[in-house]
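Subject: A structure for you to look at

Hello,

Here is the structure I promised to pass on to you. Please open it beside this email, and then read on for what turned up.

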Amino acid sequence: AYMESKLSQPMTQDEFLNDRRLLRVTMTAVGLEGEEWKRGFIDKVLTESADPESSFLARLNNRAYTDFAELFQPRDGMVSVSRDQIQDVTTKYQRAAFEKKW
């Protein structure tokens, strides 16, 4: 409910990165659980994903970070996701949380 509420409205990249709870949940959903402490690195991933000239993600060669960047790529400095994407992230997070529990 928290994630869905927060993601249903566009936010700046900084607002997204500064919301530790939201960042933890969204990163867990794409297989990056425990990486949320790397705020500077995540900022670079998102910033570089918005630059069509950047080869950063290709050089990084990490599918989970690429998926994260594609999903939350800022457009005009704003992170905005569709209802379908929110539902997909929610489902993935619930699955990851269940698997961790068991």
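A residue counts as buried when its relative accessible area is under 20%, as exposed when that area is over 50%, and as partly exposed in between (1.4 Å probe, protein chains only). Thr90 sits in helix H7, residues 83–101; helices here are DSSP runs (H or I, at least four residues), numbered from the N terminus. Leaving out residues up to four places away in sequence, Thr90 touches Met3 and Glu4, where contact means heavy atoms within 4.5 Å.

Before going further, please keep in mind that this is a predicted model, in which local features need pLDDT of at least 70 and side-chain atom pairs count only at pLDDT 80 or more, while totals for chains, interfaces and linings use all residues. Residues are numbered from 1 along each chain as its sequence is written, and side-chain values use heavy atoms, with hydrogens and water left out.

Helix H3 (residues 20–29) packs against helix H6 (residues 63–72) at an angle of about 125 degrees, and their axes are 9 Å apart. The axes are lines fitted to C-alpha atoms, for helices over the stretch in contact, and angles run from 0 to 180 degrees between N-to-C directions. That angle makes H3 oblique to H6: angles under 35 degrees count as roughly parallel, over 145 as roughly antiparallel, 65 to 115 as roughly perpendicular and the rest as oblique.

Which residues make the contact? From H3 they are Leu23, Thr26 and Met27, and from H6 they are Tyr65, Phe68 and Phe72.

Leu23 belongs to helix H3 and is buried, with a relative accessible area of 0%. Apart from neighbours within four places in sequence, Leu23 is in contact with Phe16, Leu17, Glu36, Ile42 and Phe68. The C-alpha atoms of Leu23 and Glu33 are separated by 9.7 Å, with the two residues 10 apart along the chain.

**Salt bridges**

Side chains of opposite charge can pair when their charged atoms come close. Here a salt bridge is a side-chain nitrogen of Lys or Arg within 4 Å of a carboxyl oxygen of Asp or Glu.

- Lys6 pairs with Asp19, their closest N and O atoms being 3.6 Å apart. Lys6 lies in helix H1 (residues 2–7) and Asp19 in the loop between helix H2 (13–18) and H3, so the pair ties together parts that are 13 residues apart in sequence. Lys6 is partly exposed at 34%, whereas Asp19 is buried at 12%.
- Asp14 meets Arg39 at 3.3 Å, N to O. Asp14 lies in helix H2 and Arg39 in helix H4 (residues 39–49), so this pair ties together parts that are 25 residues apart in sequence. Asp14 is partly exposed at 43%, and Arg39 is partly exposed at 26%.
- Arg63 bonds with Asp67 in a salt bridge, with the closest N and O atoms 2.8 Å apart. Being 4 residues apart in helix H6, Arg63 and Asp67 are separated by about one helical turn. Salt bridges that share partners join Arg63, Asp67 and Glu70 into one network.

Enjoy exploring, and write back with any questions!

Best wishes

How values were computed:
Helix = DSSP H or I, 4+ residues; strand = E, 2+ residues; numbered from the N terminus.
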